[in-house]
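Thanks, everyone. I have one chain to show today, and I will go from the overall fold to a few single residues. Please have a look at it first.

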Amino acid sequence: MDVLVINADLGPLHRVSLRHAVRMLVRRVAEVHEATPDRLIGVYPVPTVVRLVRYVVTKWRYSAGPAWSRQGVLVRDGRVCAYCGGHASTVDHVLPRSRGGRNLWTNTVAACDGCNQRKGDRTPAEAGMVLRFEPATPSWASLARR
Ligand SMILES: [Zn+2]
């Protein structure tokens with residue numbers, strides 16, 4: 001079960017594991033903001049949302065952006081295929097992994113099965129396929145809001 005961490009101004013930041021959230025409570029860097037009713041973990045109500053006690057300047061704190069994940073790419077792109085606009089369930093590497101393409105926000109897009117297979121081990125230019133947008137690093141907040 002994931003716990004949403006929100007800033008002192010209630011802006012969503014990111015998700016952490018329940019264990020991590022409880023450690024934040026123990027260290028008093030966060031307080032329970034919303035909890036599952038009638039459930040305790042140790043002395044704490046089981047949190048669904050914890051709020052940082054002190055405001056964190058997100059640009060500085062998370063300047064590198066959230067860690068890359070397949071799931072994150074699908075969320076960032078709203079599960080819309082970057083090539084045809086259809087429903088995406090896979091992640092395509094713009095520069096294929098077999099050619100040195102890495103797991104980076106800027107090198108990965110959501111893609112449908114068909115487009116992903118059609119593109120294969122080629123770049124979009126080689127495959128004659130056009131990206132509908134430039135992939136970019138998402139903010140923490142944009143991932144947390146979905
Ligand atoms: Zn597609």
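Let me start with contacts, meaning heavy atoms within 4.5 Å. Of the contacts in the protein chain with a separation of 6 or more, 55% are between residues 24 or more positions apart.

Two notes on the source. This is a predicted model, in which local features need pLDDT of at least 70 and side-chain atom pairs count only at pLDDT 80 or more, while totals for chains, interfaces and linings use all residues. Residues are numbered from 1 along each chain as its sequence is written, and side-chain values use heavy atoms, with hydrogens and water left out.

Now the fold. The protein chain has 6 helices and 6 strands, taken as DSSP runs numbered from the N terminus, with at least four residues of H or I for a helix and at least two of E for a strand. Starting at the N terminus, the order is β-β-α-β-β-α-α-β-β-α-α-α. The radius of gyration is 19 Å, well over the 15 Å that the globule rule gives for 146 residues, so the protein chain is more spread out than a compact globule. That radius is taken over C-alpha atoms, and the rule is 2.2 Å times the number of residues to the power 0.38. The C-alpha trace spans about 60 × 30 × 25 Å along its principal axes.

On to burial. Buried here is under 20% relative accessible area, exposed is over 50%, and partly exposed lies in between, with a 1.4 Å probe and protein chains only. By that cut-off, 39% of the 146 residues are buried.

Strand β1 covers residues 2–6 and includes I6. Strand β2, residues 12–17, runs antiparallel to β1, and 5 bridges join the two; strands count as paired if DSSP finds at least two bridges between them. V3 stands opposite V16 in β2. There are 5 residues between the strands of this hairpin, and L10 takes a positive phi near 75°.

Why does I6 count as buried? Its relative accessible area is 5%. Beyond four places in sequence, the contacts of I6 are G11, P12, L13, H33, V49, V50, R51 and L52. L52 is 46 residues from I6 along the chain, yet their C-alpha atoms are separated by 6.3 Å.

The other pair I want to show is β5 and β6. These strands, residues 90–93 and 108–111, run antiparallel with 4 bridges. D92 has V109 as its bridge partner, and H93 has T108. In a regular strand the side chains alternate between the two faces of the sheet. In β5, T90 and D92 point one way, V91 and H93 the other, and all are buried. In β6, T108 and A110 point one way, with V109 and A111 pointing the other way, and again all are buried.

Last, where does P96 sit? P96 lies in the loop between β5 and β6. With a relative accessibility of 3%, P96 counts as buried. Not counting residues up to four places away in sequence, P96 touches G101, K119, G120, D121, R122 and T123. P96 and R54 are 42 residues apart in sequence, and their C-alpha atoms are 42 Å apart in space.

That is what I have. Thank you.
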